[in-house]
Amino acid sequence: MITRRIYRALDARLGTTSIGRTALAKVFPDHWTFMFGEIALYAFMALLLTGTYLTLFFEPSTSETVYDGAYQPLDGSKVSSAFASTVALSFDVRAGLLIRQAHHWAALLFVAAIVVHMLRVFFTGAFRRPRELNWVVGVTMLALALLNGFTGYSMPDDLLSGTGLRIIYSTVLSIPVVGSWIATLAFGGEFPTPETTPRLYISHVLIVPGIFLALISVHLLMIIRQKHSQFPGPGRREHNVVGSRLWPAYAVRSVSLLTGVFAVVFALGGLVQINPVWIYGPFHPAKATSPAQPDWYVAWGDGALRLFPPIEFHVFGHLVPAPFLPAVGVGTVTFLLLYAWPWLERWRTGDKASHQILQRPRESPGRVAVGAYALTFFAVLLVTAADDIIARLTRIPVTGLLRTLQILVLVLPFVVAAVAFFTARALRAGTATSLGELTREDLHAGLSGRSIDRRPDDEPEERIRLWRNPDDTWRWRWYGPGEELSSNEAFLDRQEALDAAKTAFPGVRVEQDEPPEGVVLPPPQHKPGPATKAAAALVWVAMAVLGRRADRRTPSRSEASE
């Protein structure tokens, strides 16, 4: 009763009913690739929750202290407060190691989901007008994710993170003119300094997460305002969205994905060891750890430093040191191209129209080639970051391995880009719907650039029919060339179903009802897929286990009387 009165009071002042109905009726596409953005969002939520717990115990200071804890090899050692608190989190705080490792895995998943999500946006042309600003926001979030991941990885003040900080400090110093100023601002002076860890901490837990929350809000608001893009398919047009409504279908799916992401993150945190700082030991300026590989999302920078030759030159009398081109130049050029890509492609193609329907990658072979080149280039850099480990495992001299990788980084991206370009053009020109269906004729068409003549489409035009269910509810069904699409929900009367059909497909002709003459048509049968059956089986098993545990905990009547 109290809740209902509060709701009515809010509704009378804010109009929450109409806002809620509009929000719950919003339609989202059903394609599985749209889930990558949600995975990134839910990984960010896991980062916030686990990070909040870690801040209660972590001490962002390099002041010397004596470790006195459960890890015997370090007991009585003089270490920094940051390192001591990290080891204490892992061995002395209840669930500390679980939360710390789950936080690290969530960070890796967060960056990976952003990268895969942006690849989907890139290859399908979702960055085109009117979504250029959303692309800019996404690129900014990717840059911030790389920055925040590295600052968090560097805070424990262990030997591995200290080695990485020393590399970053030298890289910043290599920037002509302003490098020393930026290094002083970021690190608090000449590395190592007592101010470095507190500054990393403030950036990691306050500044960057705050910017992230603002950018995520802007990103979601723009999606709501512009509507969601969608892949070509039955009934999908530039002015509508075909899929599931927010409530209940999409909400249930999203909650399931949220629980799945959290389950994976905490399972990895509890079962798979990552970043064991107690093995690396505390940081000391005169020591370095080997092998030393950073997390995968910044390993390309380490690989570039190992791969590029030591080239130094002068610009207007200022020395440009050797680390500048591989460590600063490659990343700067990459992100500048990412920011400018929507406008570069518009300038190249002359396409200034607004697009709600996504492209299949084959429809833009040039874009596919550029993406394949970039992915291959950074993959080689990523492999190069582990050249010492590869040399040890394969017993190949590291100098010979490095020479091979230098050749590969120059040749392999062009080869992969050419193969991707001609494959995409063959798919576009031919009749194949997938790579497995490509024929020799399709490949010849891709190499020559000609299109294969297709039979004229003699399928009937689009139409909508209505039918009545056995329970006197109504549904609509859309028919297109070789395809059909049924409504997700039932309606109480024919007019309501007709209005919904006209809203989903405006301008499409509505034919007679099905079945005619009052014959009842059975509702469409939706058979559950293997994933649905497996999830249902897990739910039943979990309910049975929980039921047995509840029965064991509940005392019998005789026990209760005693």
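Where is the kink of about 35° in H16 centred? The kink is centred on Leu408, with the bend taken as the angle between axes fitted to the seven residues ending at a position and the seven starting there. Helices here are DSSP runs (H or I, at least four residues), numbered from the N terminus.

Before going further, a word on the model. This is a predicted model, in which local features need pLDDT of at least 70, side-chain atom pairs count only at pLDDT 80 or more, and totals for chains, interfaces and linings use all residues. Residues are numbered from 1 along each chain as its sequence is written, and side-chain values use heavy atoms, with hydrogens and water left out.

**Confidence**

pLDDT is the predictor's confidence in each residue, from 0 to 100. The protein chain has a mean of 84, and 87% of its residues reach 70 or more. Helix H5 (residues 96-123) has the highest confidence, at 96, while helix H20 (residues 557-561) has the lowest, at a mean of 44. Over residues 556-562 the pLDDT is below 50, and this stretch has zero contacts (heavy atoms within 4.5 Å) beyond near neighbours in sequence.

**Transmembrane spans**

An unreviewed UniProt entry places the feature "transmembrane region" at several spans, including residues 39-58 and 255-274. UniProt positions follow the numbering used here, feature names are shortened, and annotations may be inferred rather than shown by experiment.

| Residues | Helix | Strand | End C-alpha atoms apart |
|---|---|---|---|
| 39-58 | 85% helix | 0% strand | 27 Å |
| 255-274 | 85% helix | 0% strand | 28 Å |

**The core**

A nonpolar core is a set of buried Ala, Val, Leu, Ile, Met, Phe, Trp, Tyr and Cys residues joined through side-chain atoms within 4.5 Å; buried means under 20% relative accessible area, exposed over 50%, and partly exposed in between (1.4 Å probe, protein chains only). The largest such core holds 53 residues, of which Phe110, Ile114, Trp135 and Phe212 touch the most other members. H5 gives the most to this core, with 13 residues. Leaving out residues up to four places away in sequence, Phe212 touches Phe44, Phe110, Met141, Leu144 and Ala145. Another core lies apart from it, with 21 residues, among them Leu54, Val93, Tyr169 and Val172.

**Back to H16**

Key:
Helices (H or I, at least four residues) and strands (E, at least two) are DSSP runs, numbered from the N terminus.
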